[in-house]
Amino acid sequence: MAGALVGPATLAVVLGLLVPLAILFRYSLNRFVPGRLMVDALTVENYVKFFTDPYYMAVLVRTLRVSAVCMVLCLVMGFPLAYALARTRSRWKSAVVMLVVLPLFVGNAVRAAGWMVMFGSRGLLNTLLGVVGLIDHPLQLMYTEAAVIVGITAVNLPFMVLTLESVVEGIDPAIEEAAASLGARPPQVFRRVILPLAMPGVLAGTILVFILGMNAYATPILLGGPRFQMMGPLVYGQFAGLNNWPFGAALSFVLMAATLSLSAVSNLLIQRRYRR
Amino acid sequence: MNSSNRFTRRRFVKGLAIGVGLATLGRPGRGTAAEKMVLGTWGGDYSKLLTQNVETPILTPKGIEVVHDIAGDPQRRAKLVAEQRLPRGTTDLQALSAAGSREMFNAGVLETIDYSKIANAPNLLAQMKTPYSVGHIYSGQVILYNPATISPAPTSYNDLWDPKHAGKVGVIDIQYVGMLEAAALVSGGNMENFEPGKAKLMELRKLNFKMFPTNEAMAQALKTGEVGMCVMWKARGVMWQNAGVPVQAVAPKEGVVLYVSDFVIPKNAPNKAAAYAYLDAMLAPSAQIGFAETMGYNPTVSNAKVPDAVAKRIGFTKEEQARLLSPNYDYIAKNDSQLKEWWDKIFKA
């Protein structure tokens, strides 16, 4: 009976995800001929093209770097907030949780547009800094890696906070009090009691945020501009702009493989270290 | 069944009859069947103006209902090629750029146009008809500049490389072909050879040009004064002027590269008769003048008399017309991939 209940979901995943992935993988082995889209072939030239071209490798490295930085920022900023939310007994707790989730109701593109207003050369930030007298001419904030990192971090932070909050709520406050009563100072309580116990949540949160960062599309395009390339927009450009389906498919699989392998490796490493 | 349960068989049948009756009321043109066709086109203004100038006034009275399949040019070309092997495609008519329609012709996807089926065909300008496509509207690539910040007025594409204007030139990422054409024309290249333009464009990097992702972003930058000069179709320049962007257009002396919006019929179009009716309707003088006034593109027929005030803003003088340049679409189709790669990897790096 339980098996039958899983059936529809499994069917949806197989039809909606696995079959298209298999087709896409087959496409990645085809050859691209300008004007004819795709010519049936069985060649690895698309993958070779990716790995032998320093430009594409640089795009992958940049994507990894941006995702990693966003992941760390989300963790550093998200953990204190999640801890405070989990431990608070105020009657505003639900309201604050709602405020954390509220940005998710607004789409990524709209939020990136908001950051554009902030970061433009005549935007809010530059105008404020100029009025206060900290700068003489506008800073170039738009179309930089920093702008993209800020945008992606802002989008992914709620996911980290929610994941961590639910985990911290599961840690009995009595354990922290016990550690304190045995002489541990707050940093020690955090490092030796809270962090190991929260590790499953930290792992889940960081992997989630990392995956979201690797696949970011709207934010890098809008805040990074045409000269800042990440993998998501690159895949789209190949499919929608150049009609180069074989290379676009190869790029998709490289991105997926990088994301999956890094997530799996970090999962194994951390589980091994923190296994109770 | 007791009498308080009013859902008897009689009521059920009555309800069914009413339901069917209401359904038939909803069908269009009770009496005359509406013929339906599907047109693939860009969205936004273009789609809106096609409905306003071509479909509502001319086709709807004939009983032809047009559905727009809206997507970008590359996406619709991909769909045409993907559908090639099907006996019946999903679109009857497609609007593509001239470069796109040439690519589709080379791919063997397009029907040869039978001009005898189009009543307005004899009025088509010679450059606007090919065996596989009918030109709908055209414009030319010009230099747009803000007279307040760029003075004296530019006359040649070389003015974009003038050190006096460093930091004021804007480049649009999606118009890489247009920029390469401009650079090629002032560095010994021509419509069949953009390669000299690459070295010329690399020189532009030293002059602090600013890059924008889309046409709209460029319009914004011109309006706020962030840049003062760019390369663009004259028609879009007119639309920007109407929106308050302070630009003037000048036709560069090297030549005005043509932009034509082509209509093509896929070989496996289900309703070719309606497609031909559409082609005839869009060439009608009223429809052509409507587009000229609302979108700033020039008519492709000789018998559409655009009001003088509009013609002065959107059209080209006789001597400018003498230097209209037709791109070599086969060259562009063959080299688009490598040109875009050069643009992404080397020029934008």
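Contact here means heavy atoms within 4.5 Å. The model is predicted: local features need pLDDT of at least 70, side-chain atom pairs count only at pLDDT 80 or more, and totals for chains, interfaces and linings use all residues. Residues are numbered from 1 along each chain as its sequence is written, chains are lettered from A in the order in which they are written, and side-chain values use heavy atoms, with hydrogens and water left out.

L242(A) lies in the loop between α11 and α12 (245-274) of chain A; helices are DSSP runs of H or I, at least four residues, numbered from the N terminus. Beyond its neighbours within four places in sequence, L242(A) is in contact with F32(A), G237(A), D336(B), S337(B) and K340(B). L242(A) counts as buried because its relative accessibility is 11%, buried meaning under 20% relative accessible area (1.4 Å probe, protein chains only). The C-alpha atoms of L242(A) and R87(A) are separated by 52 Å, and the two residues are 155 apart along the chain.

The interface was then examined as a whole. Contacts join 20 residues of chain A to 26 residues of chain B. About 1,900 Å² is buried between the two chains, and carbon and sulfur atoms give 53% of this area. Buried area is the accessible area (1.4 Å probe) that two parts lose on being put together, summed over both. Of the area that chain A buries against chain B, 32% comes from P226(A), R227(A) and L242(A), more than from any other three residues.

Two salt bridges cross the interface of chain A and chain B, each a side-chain nitrogen of Lys or Arg within 4 Å of a carboxyl oxygen of Asp or Glu. The side chains of K49(A) and E341(B) form a salt bridge, with an N to O distance of 2.8 Å. On the chain A side, α3 (54-87) and α11 (231-241) each supply at least two of the residues that touch chain B. The most come from α11(A), with three residues.

Cysteines were also searched. Zero disulfides are found over all chains, a disulfide being a pair of cysteine sulfur atoms within 2.5 Å. For C74(A), the closest cysteine sulfur is in C70(A), 6.5 Å away and therefore too far for a bond. C74(A) is buried, at 0% relative accessibility. C230(B) is likewise buried, with a relative accessible area of 0%.

How values were computed:
Buried means under 20% relative accessible area, exposed over 50%, partly exposed in between (1.4 Å probe, protein chains only).
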